[in-house]
Amino acid sequence: VVWQRKLKSTMISILVVPLLHLIFGLVVPLFMSVVLNMMGLLDDPLFRIYVRNHKPEHTKDLVRPFKFSNPTKNVQKMMDRWMPSGEQATDTDDASGAQKQSAKKSLKKRKKNKKM
């Protein structure tokens with residue numbers, strides 16, 4: 001099942017990237033596909049076990065069945081960090097406001113203690 005997903009994604013990129021280059025003359029997708037595929041290959045569990053001779057006993061990520069992260073969740077986390085939604089922004093504003101008030105109170109207490 002894992003190798004089928006990898007094969008499918010590789011075949012799609014092999015078909016789409018040259019098409020983008022031929023139709024629109026884009027060079028960046030050609031370069032990026034090579035770089036990203038090489039980086040992905042280095043992190044691939046099967047490549048790490050059989051080619052790089054990493055031992056599954058030492059690394060939890062290499063124990064079968066392999067756990068793969070969902071890339072859409074990673075993108076969603078990244079988007080939330082860059083552009084928080086309205087509710088999260090008001091929550092952080094309220095929290096930062098509460099922190100500011102507590103900082104002001106502690107500053108006033110320190111000033112009072114210095115006067116005494």
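Biologist: Which side chain meets Asp 44 in a salt bridge?
Modeller: This is a predicted model. The structure holds one salt bridge. Its N to O distance is 2.3 Å. The partner of Asp 44 is Lys 6.

Biologist: How many residues apart are Asp 44 and Lys 6?
Modeller: The salt bridge joins Asp 44 and Lys 6. The pair links distant parts of the chain. Lys 6 sits in helix H1, while Asp 44 is in the loop between helix H2 (28-43) and helix H3 (45-50). The separation is 38 residues.

Biologist: Is Asp 44 buried or exposed?
Modeller: Buried means under 20% relative accessible area. Asp 44 has a relative accessible area of 11%, so Asp 44 is buried.

Biologist: Which helix holds Leu 22?
Modeller: Leu 22 belongs to a nonpolar surface patch with Leu 19, Ile 23, Phe 24 and Leu 26. Together they have about 560 Å² of accessible area. Leu 22 is at 70% relative accessibility, so it counts as exposed. Its helix, residues 2-24, is H1.

Biologist: How many strands are in the protein chain?
Modeller: From the N terminus on, the elements run α-α-α-α-α. The chain has five helices.

Biologist: What percentage of the protein chain's residues count as buried?
Modeller: The accessible surface comes to about 10600 Å², with 64% of it belonging to carbon and sulfur atoms. The chain has 116 residues. The buried share of these residues is 8%.

Methods
Residues are numbered from 1 along each chain as its sequence is written. This is a predicted model: local features need pLDDT of at least 70, side-chain atom pairs count only at pLDDT 80 or more; totals for chains, interfaces and linings use all residues. Side-chain values use heavy atoms; hydrogens and water are left out. Patches are made of residues with over 30% relative accessible area and no salt bridge: like charges are joined within 9 Å, nonpolar side chains (Val, Leu, Ile, Met, Phe, Trp, Tyr) within 5 Å. Accessible areas come from the Shrake-Rupley method with a 1.4 Å probe; for residues, only the protein chains shown count as cover. A salt bridge is a side-chain nitrogen of Lys or Arg within 4 Å of a carboxyl oxygen of Asp or Glu. Helices (H or I, at least four residues) and strands (E, at least two) are DSSP runs, numbered from the N terminus. Buried means under 20% relative accessible area, exposed over 50%, partly exposed in between (1.4 Å probe, protein chains only).
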